[in-house]
Amino acid sequence: QVRIVESGGASVQSGGSLRLSCTASGSAFVIYEMGWYRQVPGQQRELVAVVSSGGLARYVDSVKGRFTISTDSAGRTVFLQMNTLKPEDTAIYYCNVRDRLGDDEYGHWGQGTQVTVSS
């Protein structure tokens, strides 16, 4: 059973910074990607940033240059450094961990952490 624990969500003013953390434990498989998605009520969940086990990162265009995704050396914790936050960044942020065993791939979600940016 994979356990995902997120932290770091908070309320900040526009222009502020936050750092989200997500730690995955209990996976017996190979983690090949970790990342962050966000969702506003009534809208679809969207990819914010993901990073592969090889260090390749992808970002949604709206956060490029402001957000940075990284992992720890063990590849079990993923961070999202969010700078110059804007009100439109307000959402519930979900951690996603993907692992695989052979040809079988699995995705695991965290419970979500609220980020609120006020103008």
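Tyr37, Tyr94 and Trp109 form one aromatic cluster. The model is predicted, with local features requiring pLDDT of at least 70, side-chain atom pairs counted only at pLDDT 80 or more, and totals for chains, interfaces and linings using all residues. Residues are numbered from 1 along each chain as its sequence is written, and side-chain values use heavy atoms, with hydrogens and water left out.

Rings of Phe, Tyr and Trp (its six-membered ring) are taken to pair if their centres lie within 6.5 Å; planes under 30 degrees apart count as stacked, over 60 as edge-to-face and the rest as tilted. By this rule the count is 3 aromatic pairs. Helices (H or I, at least four residues) and strands (E, at least two) are DSSP runs, numbered from the N terminus.

Trp109 also forms an edge-to-face pair with Tyr94, at 6.4 Å centre to centre and 90° between the planes. Because Tyr94 lies in strand S9 (residues 91–101) and Trp109 in strand S10, the pair ties together parts that are 15 residues apart in sequence.

How enclosed are these residues? Buried means under 20% relative accessible area, exposed over 50%, and partly exposed in between (1.4 Å probe, protein chains only). Tyr37, at 11% relative accessibility, therefore counts as buried. Tyr94 is likewise buried, at 12%. Trp109, with a relative accessible area of 41%, is partly exposed.

Charged groups also sit over aromatic rings; the criterion is that NZ of Lys or CZ of Arg is within 6 Å of the ring centre and within 35 degrees of the ring normal. The charged end of Arg45 sits over the ring of Trp109, 4.5 Å from the ring centre. The charged end of Arg100 is placed over the ring of Tyr32, 4.0 Å from its centre.

Two strands pair if DSSP finds at least two bridges between them. S4 pairs with S9 in the antiparallel sense over 9 bridges, and Trp36 has Cys95 in S9 as its bridge partner. S4 is also joined by 6 bridges to strand S5 (residues 46–52), again running antiparallel; here the bridge partner of Arg38 is Glu46. S4 and S5 form a hairpin with 6 residues between them, and Gly42 in the turn has a positive phi of about 90°.

Arg38 also touches Asp89. Asp89 is found in the loop between strand S8 (77–82) and S9, and at 1% relative accessibility it counts as buried. Which residues does Asp89 touch, not counting residues up to four places away in sequence? With contact meaning heavy atoms within 4.5 Å, they are Arg38, Val63, Arg66, Phe67, Thr84, Val115 and Val117.

S8 itself belongs to an open sheet of 4 strands in the order S1-S3-S8-S7, with antiparallel pairing. Strand S1 (3–7) and strand S7 (67–71) stand at the edges, each with a single partner strand, so one side of each is left without a neighbour in the sheet. Neighbouring strands of this sheet are turned by 15° against each other on average, direction ignored; axes are lines fitted to C-alpha atoms, for helices over the stretch in contact, and angles run from 0 to 180 degrees between N-to-C directions. Within the sheet, strand S3 (residues 18–25) and S8 pair antiparallel over 6 bridges, and Thr23 has Thr77 in S8 as its bridge partner.

The whole chain can now be considered. The protein chain has 0 helices and 11 strands. Buried residues make up 39% of its 119 residues. Among contacts with a separation of 6 or more, 55% come from residues 24 or more positions apart. The C-alpha trace spans about 45 × 25 × 20 Å along its principal axes. A compact globule of 119 residues would have a radius of gyration near 14 Å, and the protein chain has 14 Å, which agrees. This radius is taken over C-alpha atoms, and the globule rule is 2.2 Å times the number of residues to the power 0.38.
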